[in-house]
Amino acid sequence: MIRFLDLKLVNQRYYDVFKKSFDNFLNNGHYILGEQVIGFEKEFAAYCGTKHCIGVSNGLDALELIFEAYKTLGVLKVNDEVIVPANTYIASVLSISNSGLRPVLVEPNINTFNIDPSLIEKAITSKTKAILGVHLYGRLYDVEQLEKIAINNNLVLIEDAAQAHGAATIDGRKAGNVSNAAAFSFYPTKNLGALADAGAVTTNDKALADVIFKMRHYGRASSYENDIKGRNCRLDEIQAAFLRIKLKHLKTDNIRRQGIARTYFELTKNEKIILPHCKILSQHVFHLFVIRSNKRDLLREYLYKNGVESIVHYPIPIHHQKAYQEFGSLKLPITEQIHNEVLSVPLNTGLNSEQVLKIVKLINSF
Ligand SMILES: *Cc1c(COP(=O)(O)O)cnc(C)c1O
């Protein structure tokens, strides 16, 4: 069976360095916010090209810290509206409602799976104060258009970059550096994955970074001085150590992912299957390779019977979730079509070329 993702396989090549780094951690005796977190923050900021990086507990906390910090700074306030793509992973939307703000779900473009810029302006009201763009499946959203809309309408632009570590515009600006503030997740399955929960915020805004540095750590300005009512959302020291090791390989990992994607693009030939649209490979780091078919469930079964595991990202749209009954009457046909038709086939650094070719052959014979 070709598993959808075998994390053991993905991490195996780091075992020796991980063990050495864990030994150092034990011997060092500094378990919280030590040199590994500081080192990772510096290196990840440099990787993204931003002035600041704040290591935090996970991706959802990263998003919530951004919203809470903007509230602390007086930029956002309770009940402000935040535009977000309707087909994103639920965590994007949770971060908005958990912060006392109102998510406004906007339809994606069926080809890019990302928010449709032409529909954003229609959704803007006098209460709209921010856009939460999501680089879904690893593909950058339309950076130019979203920046333009945000500037023209005086909105804060925030990135959910949880699936897009390393994706870059043609002029080389990376995910994490194409908005006012970005949230990353290092959940183990992501392109840069820790061995537990972890996350980060990147930004060029010093005032925002200062608030988030305090807020992740009880609001502390120094040992016993607390400037704001904070939380405990610290990045684990040992996870930071693991992430520093894996960050060195992120570029080659993403190139490997793009190489597998290229094989899928070049060799898949089946009228029942629609491949993801991607003209410029560097803009997409293929966290997931998501194909569409109106026979999706049959295809999934066919692949499984023949030894290939695939997954649906995501089977139930947010407006049909019990948790968001308030959106239950929304009509979002493109989002619904996407949820009915998408299938993610294996694409990760644990796969070999032989396995990729087997998957292609199976897709073609469906
Ligand atoms: C994974 C993910 C998150 C949440 O990250 P966690 O670290 O799991 O909290 C948020 N948004 C998107 C798009 C994600 O894929």
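The model is predicted, so to speak of local features takes pLDDT of at least 70 and side-chain atom pairs count only at pLDDT 80 or more, while totals for chains, interfaces and linings use all residues. Residues are numbered from 1 along each chain as its sequence is written, and side-chain values use heavy atoms, with hydrogens and water left out.

Start with the overall layout. An automatic or database domain assignment sets the bounds: domain 1 covers 7–105 + 113–247, and domain 2 covers 250–365. Their C-alpha centres sit 25 Å apart. Each side brings 33 residues to the contact (heavy atoms within 4.5 Å).

Now the interface itself. About 2900 Å² is buried between the domains, with carbon and sulfur atoms giving 61%; buried area here is the accessible area (1.4 Å probe) that two parts lose on being put together, summed over both. On the domain 1 side, Phe113, Tyr137 and Asn191 supply 26% of the area buried against domain 2, more than any other three residues.

The rule finds one salt bridge across this interface, taking a side-chain nitrogen of Lys or Arg within 4 Å of a carboxyl oxygen of Asp or Glu. Elsewhere in the listing of pairs, arginine 13 and aspartate 253 meet through their side chains in a salt bridge at 2.8 Å, N to O.

Finally, look at helix α12 (residues 333–341), where Thr335, Ile338, His339 and Glu341 are buried (under 20% relative accessible area, 1.4 Å probe, protein chains only). Those buried residues pack against β10 (289–292), α11 (296–305) and β11 (342–345); helices (H or I, at least four residues) and strands (E, at least two) are DSSP runs, numbered from the N terminus.

Technical notes: Buried means under 20% relative accessible area, exposed over 50%, partly exposed in between (1.4 Å probe, protein chains only).
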